[in-house]
Amino acid sequence: MEESQGRGRRRSLFEIARPLKQKTGTVQVVSIPPVPSEEQLSKHKVKYENTYQLEPDSKLHISKIASILRQVLSQHLEKACYNPLTSSLLCKVIANDVEQEVKKLGYKRYKFVCMVTIGQKQNADITIASRCLWDPQRDNFVTEVFENLDFYAVSTVFAIYYE
């Protein structure tokens with residue numbers, strides 16, 4: 001750690017209040033706030049207890065998530081044309097909207113990850129793959145594809161249950 005070179009910096013967080021010289025030549029003492037008591041600390045602590053809940057409260061309805069995906073994709077892309085400069089921003093907007101709508105369904109203890117890919121059609125093939133470690137009984141995913149004459153969009157939502 002560099003030593004302070006006349007800049008008035010502390011070398012350690014544990015140094016107690018010391019006089020600091022101002023440009024006018026007066027001396028100022030820095031005060032340290034009092035340490036809160038145990039009673040004050042215990043009032044502000046939030047204690048969570050283990051729920052030991054290993055199963056979700058309600059079953060994940062893939063059809064509802066798929067309809068949200070179709071609706072958001074068509075809403076944003078119905079009249080759009082492919083533009084390589086704005087497609088990355090459009091992907092972010094679509095992913096954010098899908099995630100917000102899926103969260104409104106109220107599935108507790110699920111994390112949702114949304115991926116959106118937009119590409120121009122140029123007589124080429126594309127393969128989109130993903131890998132992750134999950135529980136096949138509780139976790140799931142939904143993929144929807146939107147196409148028009150100019151471009152395609154692939155959106156995937158992963159629903160991962162956490163205990």
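Q: What makes a residue buried or exposed in this predicted model?
A: Buried means under 20% relative accessible area, exposed means over 50%, and partly exposed lies in between (1.4 Å probe, protein chains only). The model is predicted, so local features need pLDDT of at least 70 and side-chain atom pairs count only at pLDDT 80 or more, while totals for chains, interfaces and linings use all residues. Residues are numbered from 1 along each chain as its sequence is written, and side-chain values use heavy atoms, without hydrogens and water.

Q: Why is Cys 81 called exposed?
A: Its relative accessibility is 63%, and the definition asks for over 50%.

Q: Why does Cys 114 count as buried?
A: Cys 114 has a relative accessible area of 16%, and the limit for buried is under 20%.

Q: How do you know that Cys 114 is in no disulfide?
A: A disulfide is a pair of cysteine sulfur atoms within 2.5 Å. The nearest cysteine sulfur to Cys 114, that of Cys 91, is 9.7 Å away. A search of the whole structure finds 0 disulfides.

Q: What makes strand 3 and strand 5 a pair?
A: Pairing requires that DSSP finds at least two bridges between two strands; strands are DSSP runs (E, at least two residues), numbered from the N terminus. Strand 3 and strand 5 (residues 151-161) have 11 bridges, in the antiparallel sense. Gln 120 stands opposite Phe 151 in strand 5.

Q: Why do strand 3 and strand 4 stand at the edges of the sheet?
A: The open sheet has the order 3-5-4. Strand 3 (110-120) and strand 4 (140-147) each have a single partner strand, so one side of each lacks a neighbour in the sheet.

Terms used:
Helix = DSSP H or I, 4+ residues; strand = E, 2+ residues; numbered from the N terminus.
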